[in-house]
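This report describes the fold of the chains, how they pair, and a few residues that deserve a second look. The structure is shown first, and the description follows it.

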Number of protein chains: 2
Amino acid sequence: MLGLAVEFADSFHLNNPGGVDAGVDVRVSPVDGGVTAARGMQASGVFAGVRKMKNDIAVVYSEIPAVGAGVYTTNRVKAAPVLVCMDHVGAGVIQAIAVVSGNANACTGEQGLEDGYAITEALGRELGIDPATVAYASTGVIGVRLPMDRVIPGIMNAARQLAPDGGHAAADAIMTTDTFAKECAVRVEIGGKEVTIGGMAKGSGMIHPNMATMLCFVTTDAAIEQPLLDTALKDVTERTFNCITVDGDTSTNDMVIAMANGLAGNDLIRDFGEDYARFAAALEFVCTDLAKKIARDGEGATKLIEVTVKGARTARDAKTIAMSIAESELVKTAVFGADANWGRIMCAAGYAGVDFEPSRVNIYIGSLQVAVNGMSADFSEERAKEILSAKEVEITVDLRCGFEKATVWTCDLTFDYVRINASYRS
Amino acid sequence: MLGLAVEFADSFHLNNPGGVDAGVDVRVSPVDGGVTAARGMQASGVFAGVRKMKNDIAVVYSEIPAVGAGVYTTNRVKAAPVLVCMDHVGAGVIQAIAVVSGNANACTGEQGLEDGYAITEALGRELGIDPATVAYASTGVIGVRLPMDRVIPGIMNAARQLAPDGGHAAADAIMTTDTFAKECAVRVEIGGKEVTIGGMAKGSGMIHPNMATMLCFVTTDAAIEQPLLDTALKDVTERTFNCITVDGDTSTNDMVIAMANGLAGNDLIRDFGEDYARFAAALEFVCTDLAKKIARDGEGATKLIEVTVKGARTARDAKTIAMSIAESELVKTAVFGADANWGRIMCAAGYAGVDFEPSRVNIYIGSLQVAVNGMSADFSEERAKEILSAKEVEITVDLRCGFEKATVWTCDLTFDYVRINASYRS
């Protein structure tokens, strides 16, 4: 852990690992766009017929070879695309990413792996680049072979459609049950140069720490050494994508891939100095934004729920309890019903497996205190209902037994979650 | 662990702790009734006004003092009734149990504890027994003080209504969102005497290992030493109530209380010999039956799901994977939709945190094989839909990497779960 205590406003104030203010101010400016916001990046999204109605293949491309880094699902069952990326991205250099939506290519055995490499081969050939620098991701139904007769022509078509303004088309093509495309881009000054970081993600359902059916692709024109990109991506993932949950399920296909081509012309980031801190802060801004968009768009969700646990003995304790609350179906359903049932929050904190003193706990919904010393506060149910009826609901639990905290995100559990998932394959 | 490999038919075949067949056959005969099936047991259920419309207070009573044992929630937040029982039942002798439905008396601080002891005091006085031999359980909303002005008169009234055939009235009075009363009773021969074990439970929602909002009361006329009753209850709970899950939430109030008054006249069970084995087998029959009834009656549930994982290296591995599958919202929603989405089963097995080889896994829905060697089997979707449309669905995962197995139970996740829990307090 770097210990960067990043606040998500436009201006970041970095702390050193010991938690003491190091006095570094980072200004991160959101800009329009996504994976093609950075210099030298192109993308496209096309229809290949893997899905019935919508575009289903995306390609992202860097005009020059880039350093690459990936974070993958911890699921014991890893889909073919995960294995392909661990191989190709793991080697450190990538130049293109192919994404297939509608079929996960998971539980497909040797054949699935062969199909995966065939995709990287086809895209590499079409783009005139080394197939070993092509990453491949897939999302969709498990246990069914890819329709290669449609996928390969689709990949070639997508390669021909690549454009510097193709970011949105790509973000649209990777969606499955998502209801909106998820993109984010920022600029940050590093060593006097303007560096851009952009990204796109798909989520919805099965979003969970340790990377659930969640794909995220981040591109940047920063010049950074591969091991540092790798460290930044892992650290940031832990505090962003690993802090969201929709239903606690962790998928076979999840990955976050980052690609940095150096075209910003900044001095190569080669140590954990200020340049690195600035880069990491900007990366965290992008990943937090995408993570929250994923949580907000959980299947059937009507609300984004932000759970903060503070006053914990350790940051790990805080995160464990926050996730326990965020994963509680009873809490999530109560928020859907705008019911200030703080007992369920208390209860979920209690079974997180972390030691704390229940009689010290204060709970807030928004700024309204609903529990004091582990017992009911005298609060207005009407005001609580009002707060819980908003599109964003903040739950804060103050354990009052230490000084650490953590924030995680989830969504409410609704009728539509059940409707969508009862017949996903149909 | 005793290692009793109990098969749930009418006839039990017991194995010794080493797993080798010890050749003891136990015939357990189901009989009508519940907590008053055993000799010298009385019960009642009355309306006290804690809830609006239904009976809400139950009392169970043994005509003579009995040995008592309890298993309690592991939640860090323990409700007042749990603390009262740990005190009273923990002392080893009990003669009566008071149950309040509609209010959990949880997160109520010192006042809640005072109220709890006042209930045992009132019931003890009314029955003319030592209040320290009275157990007390509560279930319902968290964080609201008990309406003592209704509870105490209700308790006294229930004491006056006690009857040898009051078991069903009690089982009915402890229900909250349960849709049916849960009772079971069996006879078993121990040392030439006929011993009866009966029980009642309430569940529904928040059912989870380590005792979720689940109350269970078991009464028996067996003569058994307290430490042996305690061991039997803990072992059996681990394989029954701790093997069910509805939504993964573990409550502040759960408990299983057993009361054995010795009126069957069997030789006092004082060691882990055959008599003990027979008693434990019968207890397991009762608890398995009640556990399955709880799972079947999960909030909004339409189906009972039985998940068996076999071919595991250890029984713990098997149970961990089985619970991961049973807790998967995606699996439970797919069963609701009668969708043979075996990929979700595979996926949930994969994130259980247990090492296994995905390419060896076979999966069955009922007797229909849907996955072979971790890949799709060639199966009839129509037949699968038929099997998944039944009231009971069996999912079997064969890891083929060892010889241990475990079975757990859950229910499907439905629209009604969301409806019920979105406005529980209203």
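In chain B, strand β4 (residues 57–72) is joined to β10(B) by 6 bridges, and the two strands run antiparallel. Within this pairing, B:Gly68 has B:Met259 as its bridge partner in β10(B). The model is a predicted one.

**A buried strand in chain B**

β10(B) also pairs with strand β9 (residues 215–220) of chain B, here in the parallel sense and over 6 bridges. B:Leu215 has its bridge partner, B:Met255, in β10(B). How many of the residues of strand β10 (residues 255–260) of chain B are buried? The count is 6 of the 6 residues, so the strand is largely enclosed by the rest of the structure. In a regular strand, side chains alternate between the two faces of the sheet. In β10(B), B:Met255, B:Ile257 and B:Met259 point one way, while B:Val256, B:Ala258 and B:Ala260 point the other way, and all are buried.

**The nonpolar core**

Nonpolar side chains tend to be buried together in soluble globular proteins. The largest nonpolar core here holds 305 residues, and A:Val59 and B:Val59 touch the most other members. Leaving aside neighbours within four places in sequence, the contacts of A:Val59 include A:Ala43, A:Ser44, A:Ala96, A:Ile97 and A:Ala98. A:Leu123, A:Ile155, A:Ala158, A:Ala159 and A:Leu162 are also among the residues in contact with A:Val59.

**Domains and the sheet of chain A**

Chain A is divided into domain 1 (26–296) and domain 2 (304–422). The centres of these two domains of chain A, taken over C-alpha atoms, are separated by 32 Å.

An open sheet of 7 strands in chain A has mixed pairing and the order β10-β17-β12-β16-β13-β14-β15. Its edge strands are β10 (244–245) and β15 of chain A, each of which pairs on one side only. Strand β12 (residues 304–312) and strand β17 (residues 404–411) of chain A pair in the antiparallel sense over 7 bridges. A:Glu306 stands opposite A:Trp409 in β17(A).

| Helix of chain A | Strands of chain A it lies across | Angle to β17(A) |
|---|---|---|
| α6 (residues 274–296) | β10, β12 and β17 | about 45° |
| α7 (residues 315–327) | β10, β12, β16 (392–398) and β17 | about 20° |

**The sheet of chain B**

Chain B has an open sheet of 6 strands with mixed pairing, in the order β14-β13-β12-β15-β11-β16. β14 (375–376) and β16 (404–411) of chain B stand at the edges with a single partner strand each, so one side of each is left without a neighbour in the sheet. Strand β13 (residues 368–372) of chain B is joined to β14(B) by 2 bridges, and these strands run antiparallel. B:Ala371 has B:Ser376 in β14(B) as its bridge partner. Helix α6 (residues 274–296) of chain B packs on the sheet, touching β11 (304–312) and β16 of chain B, and its direction makes about 45° with that of β16(B).

**How the two chains are related**

Two copies of a chain are related by a rotation about an axis and a shift along it. Chain A can be laid on chain B with an RMSD of 0.0 Å by a turn of 180° and a shift of 0.0 Å along the axis. This is the relation of a two-fold axis. The C-alpha of A:Phe415 is the one in chain A nearest the axis, at 2.7 Å from it. The same surface serves both copies, as 100% of the contact residues of chain A recur in chain B.

The contact involves 52 residues of chain A and 52 residues of chain B. On the side of chain A that touches chain B, α8 (329–336), α9 (342–350), β15 and α11 (415–422) of chain A each supply at least two residues. α9(A) gives the most to this side, with 6 residues.

**Two residues with positive phi**

A:Asn105 is a residue other than glycine with a positive phi, near 50°. This residue is found in the loop between β5 (93–103) and α2 (109–127) of chain A. A:Asn373 is not a glycine either, and has a positive phi of about 55°. A:Asn373 lies in the loop between β14 (368–372) and β15 (375–376) of chain A.

Are these residues buried or exposed? A:Asn105 counts as buried because it has 32 C-beta neighbours inside 10 Å. A:Asn373 counts as partly exposed, with 15 C-beta neighbours inside 10 Å.

Definitions and conventions:
Residues numbered from 1 in each chain as written. Chains lettered and ligands numbered in written order. Predicted model: local features only at pLDDT ≥ 70, side-chain atom pairs only at ≥ 80, totals over all residues. Helix = DSSP H or I, 4+ residues; strand = E, 2+ residues; numbered from the N terminus. Buried ≥ 20, exposed ≤ 12 C-beta atoms within 10 Å, placed from the backbone. Core = buried A, V, L, I, M, F, W, Y, C linked by C-beta atoms within 7 Å. Contact = placed C-beta atoms within 7 Å. Domains from an automatic or database assignment. Pairing = 2+ DSSP bridges. Axes fitted to C-alpha atoms, helices over the stretch in contact; angles between N-to-C directions. Least-squares fit on C-alpha atoms with pLDDT ≥ 70 in both.
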